[in-house]
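Reader: I should like to learn how to read this model, feature by feature. Please give me the general idea each time, and then the case at hand.

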Amino acid sequence: MSRFLRFRDRICRTPWCDAPVRHSDHVESAEEGGPTTVANTQGLCETCNHGKQARGWTARPDPGHPARTTGVETTTPTGHRFTSTAPPARKPVWVEVEPGVWDLIA
Ligand SMILES: [Zn+2]
């Protein structure tokens with residue numbers, strides 16, 4: 001699933017950040033009962049993933065968003081809400097990194 005998220009999201013899902021995805025993250029944490037499903041996961045950069053753990057930040061899947069399986073609503077400590085979705089789908093590109101070992105270019 002982590003590999004899929006890096007391919008799907010490519011850049012950090014925080015709306016104002018365009019860093020490459022480094023962490024696969026639960027939108028609603030597993031500790032709080034969030035399931036490990038594609039709809040409850042997102043790709044984030046390291047900074048945003050750690051930052052969303054800070055007090056006052058919340059994130060939840062946005063089932064009301066047209067992109068039902070990729071919509072994420074993030075709320076900041078000031079109460080501002082932002083919604084992000086995965087970028088449009090693209091054709092996968094595989095490269096052989098060594099004989100018999102293939103990797104997906106994300
Ligand atoms: Zn980020």
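Reader: In which element is Leu-5 found?

Author: Leu-5 is found in helix H1. Helices (H or I, at least four residues) and strands (E, at least two) are DSSP runs, numbered from the N terminus. Please bear in mind that this is a predicted model, in which local features need pLDDT of at least 70, side-chain atom pairs count only at pLDDT 80 or more, and totals for chains, interfaces and linings use all residues. Residues are numbered from 1 along each chain as its sequence is written.

Reader: Is Leu-5 buried or exposed?

Author: A residue is buried if 20 or more other C-beta atoms lie within 10 Å of its own, exposed if 12 or fewer, and partly exposed in between, with C-beta atoms placed from the backbone. Leu-5 counts as buried because it has 21 C-beta neighbours inside 10 Å. Across the protein chain of 106 residues, 22% count as buried.

Reader: With which residues is Leu-5 in contact, leaving aside its neighbours within four places in sequence?

Author: Two residues are in contact if their C-beta atoms, placed from the backbone, lie within 7 Å. On that basis, and with the neighbours within four places set aside, Leu-5 is in contact with Val-21, Ser-24, Thr-41, Gln-42 and Gly-43. A distance between C-alpha atoms is another way to read such a fold: Leu-5 and Ala-86 are 81 residues apart in sequence and 9.2 Å apart in space. For the protein chain, 38% of the contacts with a separation of 6 or more come from residues 24 or more positions apart.

Reader: Which residues of H1 are buried, and where do they lie around the axis?

Author: An α-helix has 3.6 residues a turn, so residues three or four places apart point the same way. In H1 (residues 2-9), the buried residues are Leu-5, Arg-8 and Asp-9. They are on the same side of H1 because they cover an arc of only 80 degrees around the axis, the arc being that of the directions from the helix axis to the C-beta atoms. The buried residues of H1 pack against strand S1 (23-26) and strand S2 (41-44).

Reader: Which residues make up the largest nonpolar core?

Author: In soluble globular proteins, nonpolar side chains tend to be buried together. A nonpolar core is a set of buried Ala, Val, Leu, Ile, Met, Phe, Trp, Tyr and Cys residues joined through C-beta atoms within 7 Å. The largest one here has 5 residues, namely Leu-5, Cys-12, Val-21, Leu-44 and Cys-48. Not counting residues up to four places away in sequence, Leu-44 touches several residues, among them Cys-12, Val-21 and His-23.

Reader: What is the strand order of the open sheet?

Author: Strands of a sheet pair through backbone hydrogen bonds, either parallel or antiparallel. Two strands pair if DSSP finds at least two bridges between them. The open sheet of 3 strands has the order S3-S4-S5, with antiparallel pairing. Its edge strands, S3 (58-61) and S5 (81-84), each pair on one side only. Between S3 and S4 (residues 72-75) there are 4 bridges, and Arg-60 stands opposite Glu-73 in S4.

Reader: Which element has the lowest mean pLDDT?

Author: pLDDT is the predictor's confidence in each residue, from 0 to 100. Where pLDDT is low, the predicted coordinates should not be read in detail. Among the elements of the protein chain, S7 has the lowest mean pLDDT (84), and helix H2 (residues 46-51) has the highest (94). The protein chain averages a pLDDT of 87, and 94% of the residues score at least 70.
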